[in-house]
Amino acid sequence: MYEKTFPNKRFKHTLEFLKKHVSTSETILDLGVENPFSKIMKSEGFSVKNTSGEDLDLDQSVFSKEKQDVVTAFEIFEHLLNPFTILSEIKSDKLFISIPLRLWFSPAYRSKTDMWDRHYHEFEDWQLDWLLEKTGWKIIDREKWTNPVKKFGIRPLLRKFTPRYYIVYAEKIK
């Protein structure tokens, strides 16, 4: 996935946001198979367990088997057909989600070679907020940031000031 590029800026922002709200004594269930960012979390002292590649749209049993303090879903929800069900099934009290925001000047991402690497949803911030509210989560903190690219053109220019990523920390409403 990151053969040619590595999202250093996104990883830096995500790690800083996580460290602001989670201690290394808390356990984390990271949705998705082990990836470069889950390795970074582990190297920073976090106790991280990843899901094993099951299709979370069809199988949410991991949430009844695993009770971690925190669930993270970094760049996962845009790939799911049914994030509502998954958010409803999470038993942990803390949740971190980051997503690429929908850009009005760019179509939804779709890999032609990897069926898992496609965006079914590209959210606007209010859509993710509403989804969290409807599934019993209260947003505690949120941030957005841009993702400029080193290319010339109209879209690269727009990427310099249009937020591309949105990260949210939410807690389960009791």
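L95 is found in strand β4. Hello everyone, and before I go on, please keep in mind that this is a predicted model.

So what surrounds L95? Leaving aside neighbours within four places in sequence, L95 is in contact with V71, L87, I90, L132, W137, V168, Y169 and A170. There is also T72, which sits 23 residues from L95 in sequence and 5.8 Å from it in space, C-alpha to C-alpha.

Let me step back for the overall picture. The protein has 174 residues, and 47% of them count as buried. Its secondary structure comes to six helices and six strands. If you read along the sequence, the pattern is α-β-α-β-α-β-α-β-α-β-α-β. As for contacts with a separation of 6 or more, 65% are made by residues 24 or more positions apart.

Now back to β4 and its surroundings. Which way do β4 and β6 run relative to each other, parallel or antiparallel? They run antiparallel, and seven bridges join them. As one example, K94 stands opposite E171 in β6. Strand β5 joins β6 as well, through eight bridges, and this pair also runs antiparallel. Here K144 has Y166 in β6 as its bridge partner. The side chains of these two meet too: K144 lies over the face of Y166, at 5.9 Å from the ring centre. Strand β6 itself is mostly covered, with six of its eight residues buried.

Next, please look at helix α5, residues 125-134. Its buried residues are L128, D129, L131 and L132. Why do they end up on the same side of α5? Because they cover an arc of only 160 degrees around the axis. After α5 comes G136, with a positive phi near 90 degrees.

In soluble globular proteins generally, nonpolar side chains tend to be buried together.

Let me zoom in on I97 for a moment. Not counting residues up to four places away in sequence, I97 touches A73, F77, L87, L128, L132, Y166, I167 and V168.

Let's move to the earlier part of the chain. Strands β1, residues 27-30, and β2 pair in the parallel sense over four bridges. One of the pairs here is I28 with its bridge partner V48 in β2.

Helix α2, residues 36-43, has F37, S38 and M41 buried. Seen down the axis of α2, its buried residues fall within an arc of 100 degrees, so they line one face of the helix. What covers them includes α1, β1, β2 and β3.

F37 turns up again among the aromatic residues. How many aromatic pairs does the structure hold? There are six. Ring pairs link F37 with F11 and F74 into a cluster.

I'll finish with E75, in the loop between β3 and α4. E75 has a positive phi of about 60 degrees, although this residue is not a glycine. Is E75 buried or exposed? With a relative accessibility of 13%, E75 counts as buried, because the cut-off for buried is under 20%.

Notes
Residues numbered from 1 in each chain as written. Predicted model: local features only at pLDDT ≥ 70, side-chain atom pairs only at ≥ 80, totals over all residues. Heavy atoms only, no water. Phe/Tyr/Trp six-rings, centres within 6.5 Å; stacked < 30°, edge-to-face > 60°. Lys NZ or Arg CZ within 6 Å of the ring centre and 35° of its normal. Buried < 20%, exposed > 50% of the residue type's maximum accessible area, 1.4 Å probe, protein only. Helix = DSSP H or I, 4+ residues; strand = E, 2+ residues; numbered from the N terminus. Arc of directions from axis to C-beta. Pairing = 2+ DSSP bridges. Contact = heavy atoms within 4.5 Å.
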